[in-house]
Structure formats: structure tokens, C-alpha cells
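This briefing is meant to be read beside the sequence and the coordinates. It takes up ligand surroundings, core packing, a helix pair and some backbone details in turn.

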Amino acid sequence: MIQSVKAALYLHFPYCRSRCTYCDFNAYTDGGELARSQYIEALCTDIERTGQERRYQIQTVFCGGGTPSLHSAAELARVLDTCRASFDFRPGEVTLEANPGTVSLEQLRGLRQAGFNRISLGVQTFRSHLLERLNRIHSAHEVEQAVDWARQAGFDNLSLDLIYGLPGQTQDDWRDTLNRALQLSPQHLSIYQLTVEPGTHLEAQLRNREIQLPHEDATWKMDRWVRRRLRTAGMVRYEVSNWSLPGYHARHNMVYWKDLPYLGLGCGATGFINGWRVRRLLHPHAYQQAIAHGAVPLASAERRDSEGALRDCLMMGLRTRRGVCLSSLGRRFPDLQQKTLEAFFQGLPANWWFIRGNRLRLTSKGSDFVSSVCEEMMDVRLLQPAQPALADPGLSLTKNRALSGAEIAPALAP
Ligand SMILES: C[S@@+](CC[C@H](N)C(=O)[O-])C[C@H]1O[C@@H](n2cnc3c(N)ncnc32)[C@H](O)[C@@H]1O
Ligand code: SF4
């Protein structure tokens, strides 16, 4: 009997109604109804062909974007039906990322019926002047409306995304936003500090001094307040940017953080299966063209070596509340230089990390510096030098064309 590979499934939906000033995601605003339905056709073909390659047992699904909720319930139901027909499909969690300006009660009812059981709403802020400044397409009232509709449609697992450290955002703005979010009783909150991504409109506005970021101390104060407020609301910070009521952590995201296999389908999606990191063509048109020509729409496929695998395990694990289990790490990587790892952590401030029950974890203070810890760890060789390098897969990174069958064969081999 053919053994199935357990995996999570990420599906990418690239179209948005308009571009938010801070966003550098793989998103496009030039897709009308026709473009969107053509994209769904290509995505379904991708799903079917991937299902023919190998038997995958899908355990969680995350439909992200872009704005997946720009699609009709019928289109999204077709995508899930194609998954049912192509995979051993028994996900416990099926999430749809939704923009509050693009949903209706009828659509949400259709989505719940189709099999979605979790909605993640991009809210960002409840202050209307900030929503406008970020070029969001919805009002605070529409967020409340969307949550109400989601509940009416039968969704009892709801997540809201919020951003702090926005230009012009005061402590009052932020407290009001978090309080209004909590009044909606979400099971999960993703709370991000604003990142100024190169090439975004936000970056240009800051460069031209049209707007200003809050002072570092003010952003720090917002972050401290989140921790106090959410703790009193009974939420647990199970990852650097993610909080949930007990039992409601995002199962799909835990797959990334635990370094388990996942498929990534749709334009620009990344998957990680069998030690191979594969990325699909970025632009929806290039992706659709490759699919139409019968090619696997891959832009790159890279074999991760042991040092890379170890680093990923550490970096992802340190982002979570569970931390990294040192004994499993030692079993999985017998050539791990424990002393080098110890020396690296001894070199960090003592109040940034601790070990309890054989688990290495960052403290709340250390979590503030998770990115610098990970960056510094990149410079340290953690495996014995004698570790033999894995065979070079002979694949190179290509951006604008689909890889040929011969090039990708090793990445797709069962
Ligand atoms: C793909 S988007 C969410 C869904 C939908 N596209 C929306 O915006 O409503 C994922 C989330 O990432 C966060 N995000 C995106 N760009 C960010 C940035 N530059 N800094 C901080 N958070 C960001 C936002 O909270 C956003 O809701
Ligand atoms: S709606 Fe979401 S994906 Fe689209 S531009 Fe805004 S933040 Fe980015």
C-alpha cells in the first residue's frame, strides 16, 4: 500500500482590491472577475497535478493572499472540492484570510458550508483616520459587521490581524483598537509591529517626510501594553506575534514553526516537502502560462542541507512558547556541537533565554530580540565540520521561467 505523506496545505490567492501602503506581499490589484476565475482554474489544475504526483494526507489548509475573500463562495468551494478529489483530505482546520471590505453574510454562509471553519480577518486598526492613511478599503464598522456575519454563518474560530507602531498612531489609538478587538471576542489575535518594507508606498512617504513613525519608546510602550492587556483577557502568547485563547492556536502555522512538511500551491507559494524547499512562479500570469503548457510552475527548488535544517529548527522553535526541545534536537542532529550552541547562548544576556525541562526558550525580553538572535546564529557553525555535505541537487534559482522536467525531477521524486 502506498504510504501517504502528512502535510499542511497553503493556497495563495494573489488579487486585492487595492494595495495597502505598507504591504509587499505577492498581491496584484489588476484582477477583475475574469482574471480571478481564470486563476481559480489554474490553481485547481495545480492541485490536481500535485495530487497525482504523490499521495498527500492534508491535515490543515490555509488560504492566504492577497485577498482570498475577493473570490465568490462558489469559486472557493470549487478549490476545496478539488482538494477533496486530489488528496487524502481530512483537515481539522481550514482557514480563509479575509478582508472585512470584501465579505457578505451570504458568501460567509457559503464558505462555512463549503468546509471552511476558521476566518482570519485583516483589521489592522479601528481608527478611521489610520485606516484611510493605510489605504485600507474598509471602515471599523465593516470590521464589526464582518465579525457578526461570520458568527451568524457559523464560524466559531475567528482571528483578527492588528498592527501597531503605525505612523501617527497614539497610545490612545492603540488601546482603543485592542479594546475594540477584544470586545469582538476573537479566539485568536495576530499582532504585528509595523515593518517598513522596501519599495512600498509607506517607505516613500517616510522618506519624503510626509509621515513619521512613532518614537521607539512609544512603540515599546504599545508592545508592553499588549502583553498586559491580553494576559488579563486570558490569551496566551504562543508565538512572537500570535496570541490565542487556550486551545485556539493556529494549527496550520504550528506546522511552519515545528518545521513539518507543507505544500504551497498557487503563484509565489512556497512548499517544503522531503527536505526540498520549492517556490512557485511569482506572477499569476507566468504561473497560469506554465500550467497551461503542462509544466510544473516552479521558480526554484533547493535542497536544504543539515546545517540549514538545524538552523530552521532553532529559529522557528525560538519564536514559539514551546521553544526548542534539546534532546529531540540532539537525536535529529547527532553532529550538533552542543558546546558551540551553549557558548552562543551564554554570550547573550542572561535574561533573554532559559532552559526548563530540556527545552530552550526565549524569555519575554528575549522575544523582543528574536530577529537579531536568529541573525547572529547564522554566523555560527553548529554542526561538526566533518558533516558530509548532501549531494548538490544541481538546481539553480530561476525567477522568470518554469523549471524543466529534468531540473525538478529530484524535488518531486517520491
Ligand atoms: C496577507 S495579509 C491579510 C489578509 C488581507 N490581505 C488583508 O490585508 O485584510 C496578512 C497580514 O500581515 C500583516 N502585515 C502585512 N504587511 C505588514 C507590514 N509591513 N508590517 C506589519 N504587518 C504586516 C497584516 O496584519 C495583514 O493582515
Ligand atoms: S489587502 Fe492584504 S494582501 Fe492586499 S495589499 Fe492589503 S495587506 Fe496586502
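In this predicted model, ligand 2 is surrounded by Cys16, Arg19, Cys20, Cys23, Phe25, Ala27, Gly65, Gly66, Thr67, Asn99 and Gly122. Sorted by class, that shell consists of five nonpolar, five polar and one charged residues.

**Ligand 1**
- Around ligand 1 there are 16 residues, of which Asn99, Gly122, Asp161, Tyr192 and Thr195 come nearest; Asn99 and Gly122 also belong to the surroundings of ligand 2.
- At least two residues of the shell around ligand 1 are supplied by each of strand E2 (56–65), strand E4 (118–124) and strand E5 (158–164).
- By class, the shell around ligand 1 divides into six nonpolar, seven polar and three charged residues.

**Nonpolar cores**
- The largest nonpolar core has 77 residues, and those with the most contacts inside it are Leu9, Leu11, Leu43 and Leu162.
- When residues up to four places away in sequence are left out, Leu43 touches Leu11, Val79, Leu265 and Gly266.
- In soluble globular proteins, nonpolar side chains tend to be buried together.

**Helices H2 and H3**
- Helix H2 (residues 73–86) and helix H3 (residues 105–114) have axes that come within 9 Å and cross at roughly 10 degrees; because angles under 35 degrees count as roughly parallel, H2 is roughly parallel to H3.
- On the side of H2 the contact is made by Ala73, Ala74, Leu76, Ala77 and Leu80, and on the side of H3 by Gln107, Gly110, Leu111 and Ala114.
- Divided by class, the residues of this contact are seven nonpolar, two polar and no charged.

**Backbone details**
- Most residues other than glycine have a negative phi, and most peptide bonds are trans.
- The peptide bond from Gly65 to Gly66 is cis, with omega near 20 degrees; Gly66 is found in the loop between E2 and H2, and both Gly65 and Gly66 are listed among the residues surrounding ligand 2.
- Ser185, although not a glycine, has a positive phi of about 50 degrees and lies in the loop between helix H6 (171–183) and strand E6 (188–193); Ser185 counts as exposed because it has 11 C-beta neighbours inside 10 Å.
- Asn274, likewise a residue other than glycine, has a positive phi near 60 degrees and is placed in the loop between strand E10 (270–273) and strand E11 (276–280); with 15 other C-beta atoms within 10 Å, Asn274 is partly exposed.

Conventions
Residues numbered from 1 in each chain as written. Chains lettered and ligands numbered in written order. Predicted model: local features only at pLDDT ≥ 70, side-chain atom pairs only at ≥ 80, totals over all residues. Core = buried A, V, L, I, M, F, W, Y, C linked by C-beta atoms within 7 Å. Buried ≥ 20, exposed ≤ 12 C-beta atoms within 10 Å, placed from the backbone. Contact = placed C-beta atoms within 7 Å. Near = placed C-beta within 6 Å. Nonpolar A, V, L, I, M, F, W, Y, C, P; charged D, E, K, R; others polar. Axes fitted to C-alpha atoms, helices over the stretch in contact; angles between N-to-C directions. Helix = DSSP H or I, 4+ residues; strand = E, 2+ residues; numbered from the N terminus. Parallel < 35°, antiparallel > 145°, perpendicular 65-115°, else oblique.
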